[in-house]
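The turns below take up the terms used to describe a protein chain and ask what each of them rests on. Please keep the sequence and the structure in view while reading.

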Amino acid sequence: MRAPLALALALLCGCGGAPSPRTNPPRPLPSAGSAAPKPAPDAIAAATSFTTFTSARFDLSLPLPDGAAFRVDDRTERWLVARHEATSSVLLVRTWREDEVGGRARCEARARTWRDLPSRDGRRLVSASRLAVPPDHDTLVEVLLGPHSTNGEPTDGFVLAFGGWAKRCFAYVFATRDANERVVMERLAVMVDGSLRRMRFQSELAPARSRERSP
C-alpha cells in the first residue's frame with residue numbers, strides 16, 4: 001500500500017514532476033489593411049490633370065495643374081490672379097504695352113510699381129533660363145527658394161519670369177510654400193514646364209483683341 005499512497009501524496013503536493021515552461025502565444029501577423037496609409041499626392045506636384053484658363057483681357061491661355069481648385073480673378077486687379085488655397089500658392093500673370101521701347105528690366109521695374117512682388121534678396125537661385133514666351137520676348141525665368149529652414153518652418157518657393165519685346169511686356173510670378181522642400185521644388189518645376197512653357201498668346205487665339213495699355 002505504500003506505493004499507491006506515495007503516488008497520491010505526490011499528486012496532491014504537485015511534486016510529481018517539474019512544471020512545463022510557459023510560452024507566449026505567437027502574435028498574429030499584421031494584415032494588409034492595417035498598414036499606415038500613404039500620404040495623398042500633392043495636388044500641384046502630381047500634375048495629374050491641367051485645365052486651361054483663357055483670358056480675353058490679356059489675350060492668353062494659361063494651363064493650370066489641378067485647375068479646378070484654382071480660384072481665378074481676371075477682373076478686379078491689374079493682374080490675372082490665380083489662387084490655390086490647398087497648397088498656399090498664388091500665380092500672377094499679365095501682359096501690357098509701354099509707351100516707349102524697353103526691355104526685360106524695364107518691364108520688371110514697371111510690374112513692381114503695381115504690386116509687391118517677391119524679392120531675390122536672401123533667396124537661393126535654383127535655376128535661370130531664357131524662354132521665348134511670349135514669342136519674340138527675351139523672357140528670363142528664375143526659380144528661387146527661401147533660406148534653409150532650421151526649425152521646421154515651411155520653405156518658400158518662387159518662379160519669377162519677366163520679358164520684353166519692342167513696347168510689349170510680360171510677367172509671370174508664382175509663389176508657394178510647404179514644410180517639405182522637395183514638394184516645393186516639384187511644384188515649381190510643374191509650373192515652369194507644364195504651365196509657363198505651354199502658354200499661348202494672341203496669335204493663337206480668336207478673335208484678336210487689342211492689348212491693355214499701361215496707365
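Q: Which residues does Leu 196 touch, apart from those up to four places away in sequence?
A: Contact here means heavy atoms within 4.5 Å, and by that criterion Leu 196 touches Leu 131, Val 133, Val 141, Ala 161, Phe 170, Tyr 172 and Met 191, when residues up to four places away in sequence are not counted. A second, separate core, of 14 residues, includes Trp 96, Phe 162, Ala 171 and Val 173.

Q: What kind of model is this, and how are residues numbered?
A: This is a predicted model, in which local features need pLDDT of at least 70 and side-chain atom pairs count only at pLDDT 80 or more, while totals for chains, interfaces and linings use all residues. Residues are numbered from 1 along each chain as its sequence is written, and side-chain values use heavy atoms, with hydrogens and water left out.

Q: What makes a set of residues a nonpolar core, and which residues touch the most other members of the largest one?
A: A nonpolar core is a set of buried Ala, Val, Leu, Ile, Met, Phe, Trp, Tyr and Cys residues joined through side-chain atoms within 4.5 Å, where buried means under 20% relative accessible area, exposed means over 50%, and partly exposed lies in between (1.4 Å probe, protein chains only). The largest such core has 28 residues, and Leu 62, Leu 91, Val 93, Tyr 172, Leu 196 and Met 199 touch the most other members. At least two residues of this core come from each of β2, β4 (80–84), β5 (89–97), β7 (139–145), β8 (155–165), β9 and α4, and the largest share, 6 residues, is that of α4.

Q: How many helices and strands does the chain have?
A: Helices (H or I, at least four residues) and strands (E, at least two) are DSSP runs numbered from the N terminus, and on that basis the chain comes to 4 helices and 10 strands.

Q: Why is Arg 187 called buried?
A: Arg 187 has a relative accessibility of 2%, and therefore counts as buried. This residue belongs to helix α4, and, leaving aside neighbours within four places in sequence, Arg 187 is in contact with Asp 42, Ile 44, Ala 45, Thr 87, Ser 89, Thr 176, Arg 177 and Asp 178.

Q: Is Lys 167 buried, exposed or partly exposed, and what is around it?
A: The relative accessibility of Lys 167 is 36%, so this residue counts as partly exposed. Lys 167 lies in the loop between β8 and β9, and beyond its neighbours within four places in sequence it is in contact with Trp 96, Arg 97, Glu 98, Asp 99, Glu 100 and Val 101. From Lys 167 to Trp 96 the C-alpha distance is 8.5 Å, although 71 residues separate them in sequence.

Q: What makes Ala 166 partly exposed, and what is its phi in the turn?
A: Ala 166 has a relative accessible area of 38%, which is why it is classed as partly exposed. The hairpin formed by β8 and β9 has 2 residues between the strands, and in this turn Ala 166 has a positive phi of about 55°.

Q: How do you know that β8 and β9 pair, and in which sense?
A: Two strands pair if DSSP finds at least two bridges between them, and β8 and β9 are joined over 11 bridges in the antiparallel sense, with Gly 163 standing opposite Phe 170 in β9. On β5, which is joined to β9 by 8 bridges and runs antiparallel to it, Val 90 stands opposite Ala 175 in β9.

Q: Why is β9 described as largely enclosed?
A: Of the 11 residues of β9, 8 are buried, so this strand is largely enclosed by the rest of the structure.

Q: How do you know that Cys 107 and Cys 169 form a disulfide, and why is it called left-handed?
A: A disulfide is a pair of cysteine sulfur atoms within 2.5 Å, and the S to S distance between Cys 107 and Cys 169 is 1.9 Å. The torsion about their S-S bond is about -70°, so the disulfide is left-handed. Because Cys 107 lies in helix α3 (residues 104–114) and Cys 169 in strand β9 (residues 168–178), the pair ties together parts that are 62 residues apart in sequence.
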